[in-house]
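Hi,

Here is the structure I promised to pass on.

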Amino acid sequence: MEMRELRYFVAVAEELHFGRAAERLGIAQPALSRALAGLERRLGVVLLERSSRRVRLTDAGAVLLTEARAILAAAEAAERRTREAAERQPRIALAVKAGTAGELLAKVLDAYAAHPGACAVDLLLCEAHEQRELVCSGRADVALLHLPFDAVTGLDTEALLTEGQVVVLPGDHPLAGRTAVRQAEVTAAPDPPPARWPAPDGSCPEGPGVAVRNLTQLFQLIALGRATVVLPASAAVDLRRDLVAVPVTDAPPVTTVLAWLPESRSRPVADLVRVAATV
């Protein structure tokens, strides 16, 4: 399979429309159709079921979509690292869930910047559970993850911080004036229901609460009285004035870790991990 064919296939699989995919790629639609037909012939499988009304991925096509995305991301990462090596200006791509570990992250970056030989750090701000995929695909060199919420299977990790959790509530909520609560008290309050975060596979659990993917969206919904959430205490630092964070005494502790691929031989990544561990 050629990289060009994989790019073509991913565009059609994501758009599920040959015309839109051709426009996105900047090529003629007949050329796109011929390229994918040739790919299917060589593989001996049907990747896309076409009709006059729609395009649909087959089971084989769904597998290739996952694999092709990973291949293209890895190729992009290899290109980036090769250029950095040639320029003798290595950089670290650090994946972080937007809005989390702000104070810790700032301390880590400041300490690393003062380290002899420190290189530039590019922050990849992402949504829930995207950090691990960015590292595994090669688009990020290292990621900040939060246990037990994020999966770290297949990664090496260094623990940086363990902390308690708080429930974030609208300022006029009946529990907002308390100095501490228990999990049972949070779940016993039916209105508003707890927000639903996506699982590591991207799916959201069933329930009455609204589904959310980032803290900005979540805090807006809490302020409007549409949701509550229990999350690490550091995520509730510098809350907007119409929200309140109350410690949840029996919530399980959350550990923030740095995670990277075991096969990594990057000196800058190793330096970043060592510095972060001292912070």
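Predicted model: local features only at pLDDT ≥ 70, side-chain atom pairs only at ≥ 80, totals over all residues.

Let's begin with a pair of helices: the axes of α2 and α3 come within 9 Å and cross at roughly 105°.

Which residues bring the two helices together? On the α2 side they are F18, G19, A21, A22 and L25, and these meet Q29, L32, S33 and L36 in α3. Sorted by class, the contact of α2 with α3 has 6 nonpolar and 3 polar residues, with no charged ones.

Helix α1 (residues 3–15) also packs against α3 (residues 29–43), with axes that come within 10 Å and cross at roughly 110°. So α1 is roughly perpendicular to α3. Here R4, E5, Y8, F9 and V12 of α1 make the contact with L32, A35, L36, L39 and R42 of α3. By class, the residues of this contact divide into 7 nonpolar and 3 charged, with no polar ones. Note that L32 and L36 turn up in the contact with α1, and that both are in the contact with α2 as well.

Now for α2 itself, which spans residues 18–25: its buried residues are F18, A21 and A22. They cover an arc of only 100° around the axis, so they sit on the same side of α2. As background, an α-helix has 3.6 residues a turn, so residues three or four places apart point the same way. What covers the buried residues of α2? The cover includes α1 and α3, along with the strands β1 (48–50) and β2 (55–57).

In the loop between α1 and α2 you will find L16, whose phi is near 55°, a positive value in a residue other than glycine. L16 counts as partly exposed, at 37% relative accessibility. Just after α2, G26 takes a positive phi too, of about 75°.

P148 lies in the loop between β5 (142–147) and β6 (156–163).

Is D141 buried or exposed? At 10% relative accessibility, D141 counts as buried. Its side chain reaches the backbone nitrogen of A93 at 2.7 Å. Leaving aside neighbours within four places in sequence, D141 is in contact with R80, R81, R91, I92, A93, V135, A259, W260 and V269.

*H173.* You will find H173 in the loop between β7 (165–170) and α7. H173 is buried, with a relative accessible area of 8%. A polar atom of the H173 side chain lies 3.0 Å from the backbone nitrogen of L175. Not counting residues up to four places away in sequence, H173 touches A189, D191 and P192.

*E185.* This one is in helix α7 (residues 183–188). With a relative accessible area of 27%, E185 is partly exposed. What does the side chain of E185 reach? One partner is the side chain of R178, in a polar contact at 2.8 Å. Another is the backbone nitrogen of R182, also at 2.8 Å. Apart from neighbours within four places in sequence, E185 is in contact with L175 and R178. E185 and V248 are 63 residues apart in sequence, yet their C-alpha atoms are 9.4 Å apart in space.

**The whole chain**

To put these in context, the secondary structure of the protein comes to 9 helices and 10 strands. Along the principal axes, the C-alpha atoms fill a box of roughly 65 × 55 × 30 Å. Of the 279 residues, 40% count as buried. Among contacts with a separation of 6 or more, residues 24 or more positions apart account for 64%.

Cheers

Notes:
Residues numbered from 1 in each chain as written. Heavy atoms only, no water. Axes fitted to C-alpha atoms, helices over the stretch in contact; angles between N-to-C directions. Helix = DSSP H or I, 4+ residues; strand = E, 2+ residues; numbered from the N terminus. Parallel < 35°, antiparallel > 145°, perpendicular 65-115°, else oblique. Contact = heavy atoms within 4.5 Å. Nonpolar A, V, L, I, M, F, W, Y, C, P; charged D, E, K, R; others polar. Buried < 20%, exposed > 50% of the residue type's maximum accessible area, 1.4 Å probe, protein only. Arc of directions from axis to C-beta. Polar contact = N/O pair within 3.5 Å; in protein donor to acceptor, adjacent residues only side chain to side chain.
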